[in-house]
Amino acid sequence: MAWLIKGEYFENCTCDVLCPCLTSGMDTPGDGERCQVPFFVRIDEGYLDDVRLDGLHFVMLVDSPARMADANWRVGLYLDERADDAQRAALERILWGELGGMPELVAGLSGERLGVKVVPIEYSGEGNRRIGRIPGIADFDVENIVVAQDGSPITVKNVFHPFGSELPISKSHRGIYDEPDWGLSFDNTGRNGHITEFAWQG
């Protein structure tokens, strides 16, 4: 089965700026007891065979040990309420790693599936800033760190990360998450983030 997810993502993790995971291939512990991070994704182009995924959003929530290479990640999925049944089924198969590609690597690090929820997902912003919300659950506002006169963000290259090897460095203005059904609540405000385009396929 052929599939593609191409678009943009942003995150806001538990670590201070810059996350130690990036400079160690996930081998150095993060700055907290656990790494808790949502990946907000906007799909610009996507498909699984003849099921189109263009224009949809999803959020992958990861709760992992501080040293992410230790695996045993807890992973939950939020799927766009605008998706129909076929699109939701396609996203679940892709994101749970059943069809190969980068999600299969993430699935290999995961020890527990927290579940899947179908929710309204807001994804907005322009320039160096992105905002993502799941009403009543998640409220995130992330901005790239810029010191260059041309407005380009500070960027790290040649790193290992599910969303690419070159990542702009960001910091959150707001990073609130509260999910009682999964027993998770955290505040990543003022902590590390990234915003970048990406492409996954299998």
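Leaving aside neighbours within four places in sequence, which residues is Pro120 in contact with? I looked this up and found Glu81, Arg133, Ile134 and Pro135. Contact here means heavy atoms within 4.5 Å.

**Ground rules**

I am working with a predicted model, where local features need pLDDT of at least 70, side-chain atom pairs count only at pLDDT 80 or more, and totals for chains, interfaces and linings use all residues. Residues are numbered from 1 along each chain as its sequence is written, and side-chain values use heavy atoms, with hydrogens and water left out.

**Pro120**

I placed Pro120 in the loop between strand E6 (110-119) and strand E7 (122-124). Helices (H or I, at least four residues) and strands (E, at least two) are DSSP runs, numbered from the N terminus. Pro120 is partly exposed, at 34% relative accessible area. The scale I use is buried under 20%, exposed over 50% and partly exposed in between, with a 1.4 Å probe and protein chains only. I also checked Pro120 against Trp96: they are 24 residues apart in sequence and 20 Å apart in space, C-alpha to C-alpha.

**Cores**

Next I looked at nonpolar cores. Such a core is a set of buried Ala, Val, Leu, Ile, Met, Phe, Trp, Tyr and Cys residues joined through side-chain atoms within 4.5 Å. The largest has 40 residues, and Ile5, Phe58, Leu91 and Leu95 have the most contacts inside it. Elements that each supply at least two of its residues include strand E1 (3-12), helix H1 (85-95) and strand E14 (192-201). E2 gives the most, with six residues. Apart from this core lies another, of 19 residues, among them Ile137, Phe140, Val142 and Tyr177.

I then followed Leu91. Beyond its neighbours within four places in sequence, Leu91 is in contact with Ile5, Ile43, Leu53, Leu56, Phe58 and Leu79.

**Cavity**

How many cavities of 30 Å³ or more does the structure hold? I found two. A cavity is a set of points on a 1 Å grid over the protein atoms alone where a 1.4 Å probe fits but cannot get out, and lining residues have an atom within 4 Å of a point.

**Cysteines**

Cys13 is buried, at 2% relative accessible area. Cys15 counts as buried too, at 2%. I counted zero disulfides, taking a disulfide as a pair of cysteine sulfur atoms within 2.5 Å.

Technical notes: 1 Å grid on protein atoms, 1.4 Å probe; cavity = no way out; pocket = protein on both sides within 12 Å on 5 of 7 lines; lining within 4 Å. Points joined across faces, edges and corners; volume = space filled by probe spheres on them.
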